[in-house]
Structures are given as structure tokens and as C-alpha cells.
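Reader: Before I use this model in any calculation, I would like to go through it with you point by point.

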2 protein chains.
Amino acid sequence: MSDRREFRDLASPEEARAVVGALDIDPGTETVALADASGRVLAERVDATLDVPGFDRASMDGYAVRARDTFGAGEATPETLELVGAVHAGEKPAVTVDPGTAAEISTGAVMPEGADSVVMVERTTETDGGVEIRTAVTPGENVMLAGADIAAGGRALGPGTRLTPREIGLLAALGVDEVSVSARPRVGIISTGDELVRPGDPLDSAAGEIYDVNSDTVAASVEDAGGDPVLYPHAGDDFEAMEGLLREAADECDLVLSSGSTSASAVDVIYRVIEERGDLRLHGVAVKPGKPMLVGTIGESAYVGLPGYPVSALTIFRTFVAPVIREAAGLPEPRTATVTGEMAVEERYSEGRLRYMPVGLVTDGDGSTLVYPVDKGSGATTSLVDADGTVAIQPDTEVLPAGKSVEVTLFSPDARVPTLFGVGEDDPLWSRLLDRIRTPRYLPTGTADGRRRLREGVPDVAVVSGPQTDDPGELLGGWEREWGLAVAPGSEVTDLASLVDGDSRLVNRDSGSGLCRSFDAELEALADKRGVPLAAVTDAIDGYNLTTGATESPARKVAAGEADAGLALRDTAEKLDLGFVPLGTERVRVLANTDRTGKESVERLAALLEDRAELTTTLDGYDVGAGE
Amino acid sequence: MSDRREFRDLASPEEARAVVGALDIDPGTETVALADASGRVLAERVDATLDVPGFDRASMDGYAVRARDTFGAGEATPETLELVGAVHAGEKPAVTVDPGTAAEISTGAVMPEGADSVVMVERTTETDGGVEIRTAVTPGENVMLAGADIAAGGRALGPGTRLTPREIGLLAALGVDEVSVSARPRVGIISTGDELVRPGDPLDSAAGEIYDVNSDTVAASVEDAGGDPVLYPHAGDDFEAMEGLLREAADECDLVLSSGSTSASAVDVIYRVIEERGDLRLHGVAVKPGKPMLVGTIGESAYVGLPGYPVSALTIFRTFVAPVIREAAGLPEPRTATVTGEMAVEERYSEGRLRYMPVGLVTDGDGSTLVYPVDKGSGATTSLVDADGTVAIQPDTEVLPAGKSVEVTLFSPDARVPTLFGVGEDDPLWSRLLDRIRTPRYLPTGTADGRRRLREGVPDVAVVSGPQTDDPGELLGGWEREWGLAVAPGSEVTDLASLVDGDSRLVNRDSGSGLCRSFDAELEALADKRGVPLAAVTDAIDGYNLTTGATESPARKVAAGEADAGLALRDTAEKLDLGFVPLGTERVRVLANTDRTGKESVERLAALLEDRAELTTTLDGYDVGAGE
């Protein structure tokens, strides 16, 4: 395997920033219609080419007069002027206001010849053929002179101005219907790797195919940064095809990003193309996640190779690439949203690289923010959404003790701390309950993990099932669920004994799930009844040790023909059109962190659990059993 | 005039919020492609329909082995296994790993039958036909089991989730290529008023026509709030046409906004249409700016009538309408960006309405933020861009003293305090200089106002010209400019005397401009020479009192044939292809607030002014004269 792939000489993050920053991805300028200009950045100054307003304009409804005719007028001493006509907005005045006369005028109308001020309607009374004026005005009063808002030739907006609705308004007032703006850098995105399949296309998992995550993720990120993403068709690891694609993208784009493959051959092909057609400037950066980053040029285009794992690719993109796209687009760096919180648990790290540790946030009972690491490995796509931001940990920091105050950079200024954070057993009713809570986070890591983490005090709630031993926290409520074995139609398995005594192959759940514990309890009862040790019973079941981490997985293996029986809920067996051998019911319990029972979301959850009738209705007839 | 227009019974802001909030503008849901889903909001829960990964997956480059074969292996006690083949990412394994054998494997590849773990390449050495293993692994080590990331049937994302690049990534991993999202509410925008002209179309100012500002401004604002703006053609004040347009918009949209006209007839037409086809629920709100707001329904659609003035329309939109559009679109309220600062000057207000006072921000020398009111009247479009945010002033607050701490709600979270704030004389070279400073704000209100405001200590710099009397602050630098009279070709005006003694009609600048002061000084010299009082000279000039507020305005009036001579800079006369009668040169001075000379932007400006050569080059040959 290639030596290069080990990335021995890693650049520092500062070097990487400098190398990426030195890439030329200036997209030039373009002209866009005003209606499409919102969010864009002016390429050049806009001067007014006309006066706004374009005429002396009445700024009140009332009467256009000569100010000197109102001298001395007041409530007690009204002055009556002859009414010579009216001027409405959008018409050329047909009257002249001579001394001793007045014309009715609407807000926005052109001041008629002779008039120099407007008396507001509230201080007047129309009389027969005239108008009584009950206040004196000065020349120019209630009139906006031509050009007083902005005059022809004046500077309206400078280059580099970001166009928001307000600037759009000023441009519209000037009659501008198109503007020259910084073009959005075209960013080509190439996913590499023979294993990648576009979402929506059929997937052959047995052949190691996976859906292409990075193309859409990076494209959406490019767009957020003000770039114009161009997705190229997926490239395999073939040199000719890849070279053609990279050259095409480099010809058409200001910046080319490749990403997706973790295979050696794809990386080698990219190296060869850069060496033949461009310049490799950086190769590996001392950041976790994200080490294998490439920076260089291909032809006239800038090039950055992102790591293959989505979390790594996104970290590298956010840290090094997004700033240069924004700069090329003329956009300011966004106000980074940060939150200060306390580490909920200790975190150790000793690889000696700058680490952007993904973290989740949870609000404690006293309103303070707790921070917990989310580390499922960069290969996990769920870790994309299980974190709220990152904590930058310097290379020389090996331990962050629990309680330590840290600053979290949120993934976006719009990011919100989840209202409810739960951990524990997976359950279909629970999933539907979560739909009724705004922005919850739930990690379905099983009953044992839920109990453990609730004891550590991090989540708001834990959901547990199985034998009711030693539940921590405060019980909010729960429901019954029927469990047993999902079997293929016509299966020889009809009860527990037939599973133990027959040849059927089982798929079990892992020992951290409550369901597995309930199953073990039934097996133990059978062993007791038979007067044999538990092991005698479990050893007799083919596949007892074949465990899976998720609720539906055993049943799905049965549905796929890979097993004869799977530990399952009735709900799952029915959903997958499988037979179901009931073995018992167990109670699912929602346990609250005792410090958090006053939290709004926990109270809402408690209320939902309380109302059995509503629960049953909402949850589509699911029998929730009696309350506690 | 209609009584209604006086809006006698104003609703409180809370009532208005409740009435607008009760409007039904639910746009339902729609299905969009994943590539277009970024920023949208999930309408329903997405459960995984497949396991991710879809197979037991190597998470390291190395050798797939049976863990028990590595028992006891270490650096000093290597274990050699027979090499039976290789598995790459994206291919179906063609080998089986039997006891005593190993297969080369790439990151992301399918684990071959028989193997349960991967030994990383760094702890191995290939030998002839075999591989030396120098570490022991446990079952499952360096393998991600099928479904370990997310299992089929598991909850992936809940309803109401806003899709960012991270959620897009998870959906892609699940093979999802389209999702059901909250539709964006369709918001129809109708501009009313006979006087309105679309930007880009020709304008007849003499007939009181103005460009339609609100349509584009409101459309951009609707888009920012997550709505889908639909611009309807401009409606005049004719009942039939307006009724047709309102009905069409109400049929096609979830919400109809009208805006633009300040004319009584347009408002009356809207009243009639609402009365005939809908329901008027609110009529006027006690907020400044923005009083004349209408809320109701037309047919099945919700309706809000915005005030005509752009600043008022935008305030009403932002305060009352944007929140309901966001809610209908499923978007969270944006994190409002606020800045705390001190009032730079006193502000008095006593209308007894809640006031959203537009304010500008400037950073003081010590880094603190000063806040100054921006109130040019709602009719001014420049006030759209001359403010950075608003301060909410409660109805019972009549005075905000200078120094009072206030909280400013920025117009957007991206809003930045301008780097440089200047006030004073308008000048073409200065305008080009400003192009070289990032996001400056400059109010060209003339020399006298610049001096006054610099004395008050609000701006960073003032730009002044004319006689050099009593300049406040610290002189940063300056340049010479040649001034005189712009005249039509063949004009009888050839010098000052011919202007005074002839019949030509002049357009002057206002007395606050430095240029006007320089002109007066020359006239005074002429009067002295002739031994007459100044008034004898100025009275002899037709139009001496005809003043304009902007640099180019007098020359433009000459170009338009409305005057014979205009006080002007040589630069302006040349730009407009007019003749030029030079009368003198004056020095333009840039004066800094003495507290702000250490500010980065002021230092940059000083450096720019210092470098005469660069200045001349940059400014396209403009003769900047000698330095101070």
C-alpha cells in the first residue's frame, strides 16, 4: 500500500489555513436582476442616477399653499384661502397656487407650481369654495424636496455591500433593476470510490455498496457558504475515468472538491492527476477528525481533497474550505454562535492533534448547559446529527475533567439546544411520543446504557424495559408491550420449548436491551421448570449468541430469510408481515433525571404519559395498558 | 376624505400580534428532492428503511482475521497466517477466512465470511504467501457491524427537524432522495397606487411617478422568512382592476400582502374588496413607524395591508408578519442579534405609541458601542440603509438621555457595526476613497452638519470644505478641488462678473455646504472690489437663493435645461459634458474625532490620505494636490 496514505508529515492547522487561503478561487462578477440579488454582494459602487424623490413631494395629506399666506393663522384666527383644485399622487398638477389660493393635495403628490408648503388636513376645514387654514406653516414644511432623500450623482451603496431587503429597497427606489455582484464561486464536487451509489438508486449491500453521503452534504455546505455547487457524476477508481472527470471539473469550476472514497486506489489516482496536471501543496493536516486532507491545483482550478468519512469531510470543509468560499463570494464570516457549558463527564484524548470534539448539549435543571462528547467514530453518519457543535481541544490537553467550563462552537447560529435529551431502549410507541415534542434528541442505545447514563446525570430521561430491577431516577410513566418471536409463516416454532428443542436458527438482541433481559427471564423459568441449568437451555438455541443492536433487526433477518426466529415486539412482527409467537409482556418505563423534573419538556412528557386516553388515541390504537 | 384613514382606534401591538397570529396561512406539505431540501423543515418523521452500514464493514485498512487466531500475538511473538486473498471496498468478498488464514481488506470493505475482526496494517508484515500479525484483536475489533450506525426501523429524524447539511448527510446515508417537508407559504405581493413604476421602466417624475420600492423589498423579506413570494403586476387605484388582482392573489396564495400606495382611493378600494369578499379584523396599530396596518381575510386567504412608506412597511412586516410566515414554514424564530450601547445624543419622543426607533451604531475609541437615532422620516428610502437596527421605546418613555444604555435589535444576525462612520461634505474623490474601506457609512449632509456632529462626538470623521475656519477634531489629510460654474455650451457666463451682471439663471448649493461658502467668499471679494455691499451682488444673481442639497444637483439642472449656470466642481461639469467656468480651488479636509484616531479604519484612512502617489493612481488621475 502507498506510503502516502499514512500522512506522515502533517501540516499544522495554521499552515493548512494559509495554504487553502492562498488558493485563487476568485469567481469574478456577474449581473443579476434585482429580484435575484438578495443575499448577494455588490461588486462595485452604485451611485444614484436620479433624484429621489424626483419632484418636490407632499409628505402629508392636506392643502398645498404659499407659506406666507398662512402667516398669523391659528385655531382662533383662521385664514381662508380659495380652493383652486386638487393634486393626487401619480398625476401632473393641473393647477397653479397663486397668492391667496390653495390646492388639495395627497401624500406623495407633486407640489403644484407656486405652492411651497403643505398644511395638514387635520388643521383645516373645507368651506364653500375655500379652505379654512388653522395653522401657520413655513416654506418647505411637509414637503420633501426633489433629491432630498438621495440626489442624482450621490453615492448610494459601496462595493462589498451585502444586499439585504433594505438595500434592495434603496436600489428599487433608484430604479435599478439589475446589479453587478460578486459571482458565486463554482465549486465542483466529485465523489470517488467504486462502492458509492447515489441516494434513490438500488443498493447491493452484499457487494459492499453504500450510499454517497458526501456529495449532497458537501453541496449543501457549499451553498450555505455562498458557493454554487456543481455535482459531477460519481467516479469509480479507474484512472482514465477519474482523470477525465477531474479535468472537466477543473475546467468548469473555480474550486474542485473530491471526497467520498476511503480506498487506496482512488487516492492514488487523484495523486497522479494532480501530479500530471497541477500542483500538490499540502498533504495531511494535524486535526482530528480530518487528517487526510489534500490541497493543490488542477489546471487553472483550485483543488481540495476532503477525507472520506462524512464527519471528517464536514469538519475539514467547515474549518478550512468554507472561509475561502465565503471570501471569494464577498460574504462576511458569519457571527459564530458559541455556548459556554460544563463538561458533563470526563473526556481523555492524547493523540497530540488539535481536536474538534463533537459534543451534544443538554440544559440542566438550573438552566445551565451541560456538554457531553459525541464520539461514535467518524465513520458513523448518525454522529452528524447527534452533536450540536464542537469544542476545540488543543494538542497538549489530555484531560477535560467533568465540570470543566468549555466553549462550544455551534454548527450554525440557528442551532438550538435540544429541548429533551433521552437515552435508552428503542420502542415504536416511544418514537411516536417523541414526535409530539419539539426538537428532542434520543439515543436508542438500550436499557443498560440508559440506566448507566441516567445515573451519571447527563440525560433528562432514560427509557428502560425488562425486569424492573434497580431503576434510577423518577418514574414518569410507562406502557406495556407484548414481545415474543417473529417467525416466518409456517415456522415450526410455536412456543419457547419448540425453539429450544427444535433446529430453528434464532437472532437475539444484545444483552444491553431490556427485551433480551425479559427473554432471559423466560428462559430461566423454563430451565427451572426442567430442572436444568440456564446454560443447558441457551446452548440448545442455535443463534442465542447471535445478537443485534436494534429492535427490528432480528425480525428483519427473519423477513430476509436469514434466520427462522427473531426476538421481537408484536408491533414489529406485524409491521413486517411475519408470524408472531407471544412470549410475554414487559413494561417500558420512562425515568426522569431527578434534577430535571421541573424542565418544561419533561413536564410535557409527564403530562403526555399521564393522559392514557389521549395516548391511546394519538398512538393509533396502540394498547398502552394501565397507568402506574 | 375617508374617516377610516385617520386610524382612530389603534390596536395595541399585543392585540395586533394575536390577530395576525390567528390567521390561517398553513401551506401544507410538499415533497422535494434531497438536493433541494437544505433549509427546509421535515413534515414527518423519517425512519431508517435499511441498516447503515448495510454489511459488517472493515473500519481500518489491514487484514480480516478470526480473532482467536491472533490470541497471544504481539511485537515479540508474531503469529503468521496464510493469506487467502483480498477484499476491496465496493466488491463482494470472493474469499472465506478459515481458521489460520487472513485476507487483505480495505477500509469500507465487506468482511469476508469467517472473519470477525481486522488487524490494522501498521501491526502486520506481509511475508511470502502469508502475513505476520503482531497484535491480538478481539472479536468485532475494527469492524462496524451492519446496522450499528443506524438500524432499519429506527427513528432517524423527527417531524419539525430543520434540514442542514448534517441532516442531509444522514438522509443520504439512508438512501433517501426525496423528503416530505413543510411547504413554503405562498405570499402574494400587490403594490397599489397609480404613481408606482417598476424599477427599470421609464419614470415620469413631473407626473409624480416614483419607483415601486415595496414590492422587491417585501419579496426579499418574505423569502428571508421562509415564504415563497409571488409578485403581482402593479395595480392602479381602479376598483375593478384592484378587485380582480386581490381575488386572483387570494385564490393562489396563503397570504396576500398589499403595500405601496399612500393614496386614499387605493386604501378605499382595498376596504371595499375586503368588506365584500372577506373579513376585516384589525385596522391600525399603535406602533411607530407603521400605524396604518390592516389585517383580515380575502376569500380563503389571509390578508395584511402594509403601510406605504418602505421603512414603515418593513417594520410592520418584521414585527408582525415575518413570525407567522416562519411559523407556517416550520422555521424557528431566528436568534435575534442584539447589541447593547449607549445613546450618543439625547432623543425625545412623546407620541405615546410603542416606537421602533431606527438607530445607527458606531464603535467608540474605547471599543464601546454608541447608538444614534436615524430619523429622516419614514418617507426616506435612504433611512432603510442608514440604520443598523432598532431600539424599542415604550409608549411612556419620553426622553432617552445621552449616555443611557439601550439594547439594539439588529436588522439581521449578520449585521455588522460599520467600520467607519463619517458625516459631511459630498465629494467625488471622497466617494472613491470610501470604496477602499470595508463597510463604511457616510452621510453627505454637508460641511456645516459634519462640523456640528463631529463636535458632538458621534462620527469617526467629518469631511469639510470651504473657508478653513474653526475645524474641529484632528486633521487627517485632504486634497484640492477646483470649483466654479457648470454652464450650458455657448453660455454668456464666462466669469463671476458676467454671472452677476447678466441675466443667466443660477442654481446654488445650500448654505451648509463648503462649496457655497467658497462661492460666497468670492462674491464678497467681488463686492469689495466694486465697493458695494455683498447683498447688492447676490441680489443681482437670479437664483442665488435657489439652493439644492447635493453636489451634482445644480449642474444637473443646467444639463436638464432648467438653469443656465450651476455651482459645481470641475469633475461634475466634465462628467455631465457641460462647460465649466473655474472660480477657484478649495481644500477638502478629513477631520477625525480625536477619541477615534486609534481606530483601525481611521488609521487606514490616514494611511490612504498620506500616500499621495497611490491616492492619485487609485483615483484615476484625479489631481489630489500636495499633502498638508
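Reader: Is Gly278(B) buried, exposed or partly exposed?
Author: In this predicted model, the count to look at is that of other C-beta atoms within 10 Å, which for Gly278(B) is 19. A residue is buried if the count is 20 or more and exposed if it is 12 or fewer. Because its count of 19 falls in between, Gly278(B) is partly exposed.

Reader: Which strand of chain B holds Gly278(B), and which residues is it in contact with beyond four places in sequence?
Author: Gly278(B) has its place in strand E18, residues 278–283 of chain B. Along the chain, Ala302(B) is 24 residues from Gly278(B), and their C-alpha atoms are separated by 9.1 Å. With neighbours within four places in sequence left aside, the contacts of Gly278(B) are Gly296(B), Thr297(B), Ile298(B), Gly299(B) and Tyr303(B).

Reader: Where is Gly543(B) found, and is it buried, exposed or partly exposed?
Author: The location of Gly543(B) is the loop between helix H11 (534–539) and strand E34 (547–548) of chain B. Not counting residues up to four places away in sequence, Gly543(B) touches Arg505(B), Leu506(B), Val507(B), Asn508(B) and Ala563(B), whereas the C-alpha atoms of Gly543(B) and Gly130(B), which are 413 residues apart along the chain, are separated by 103 Å. With 18 other C-beta atoms within 10 Å, Gly543(B) is partly exposed.

Reader: Why is chain A described as more spread out than a compact globule?
Author: Chain A has 15 helices and 36 strands, and its C-alpha atoms fill a box of roughly 120 × 70 × 50 Å along the principal axes. For 628 residues the globule rule gives 25 Å, and chain A is more spread out than a compact globule because its radius of gyration is well over that, at 36 Å.

Reader: How far apart do the C-alpha centres of domain 3 and domain 4 of chain A lie?
Author: In the domain assignment of chain A, domain 3 covers 57–144 and domain 4 covers 338–413. The C-alpha centres of these two domains of chain A lie apart by 69 Å.

Reader: Which residues touch the most other members of the largest nonpolar core?
Author: Nonpolar side chains tend to be buried together in soluble globular proteins. The largest nonpolar core here has 240 residues, and apart from it lies another core of 29 residues, including Trp483(A) and Phe580(A). In the largest core, the residues that touch the most other members are Val256(A), Val304(A), Val461(A), Val256(B), Val304(B) and Val461(B).

Reader: Which element supplies the largest share of the side of chain B that touches chain A?
Author: The contact takes 107 residues from chain B and 106 residues from chain A. Among the elements of chain B that each supply at least two residues to that side are helix H3 (214–224), helix H6 (310–329) and helix H2 (165–173). By class, the side of chain B that touches chain A has 47 nonpolar, 36 polar and 24 charged residues, and its largest share, eight residues, comes from H2(B).

Reader: Which residues of chain A have a pLDDT that stays under 50, and what ipTM does the predictor give the complex?
Author: Chain A averages a pLDDT of 90, and 94% of its residues score at least 70. The stretch where pLDDT stays under 50 is residues 1–6 of chain A, for which the model has eight contacts beyond four places in sequence. For the complex, the predictor gives a pTM of 0.90 and an ipTM of 0.91.

Terms used:
Residues numbered from 1 in each chain as written. Chains lettered and ligands numbered in written order. Predicted model: local features only at pLDDT ≥ 70, side-chain atom pairs only at ≥ 80, totals over all residues. Helix = DSSP H or I, 4+ residues; strand = E, 2+ residues; numbered from the N terminus. Contact = placed C-beta atoms within 7 Å. pLDDT = per-residue confidence, 0-100. Core = buried A, V, L, I, M, F, W, Y, C linked by C-beta atoms within 7 Å. Domains from an automatic or database assignment. Nonpolar A, V, L, I, M, F, W, Y, C, P; charged D, E, K, R; others polar. Rg over C-alpha atoms; globule rule 2.2 N^0.38 Å.
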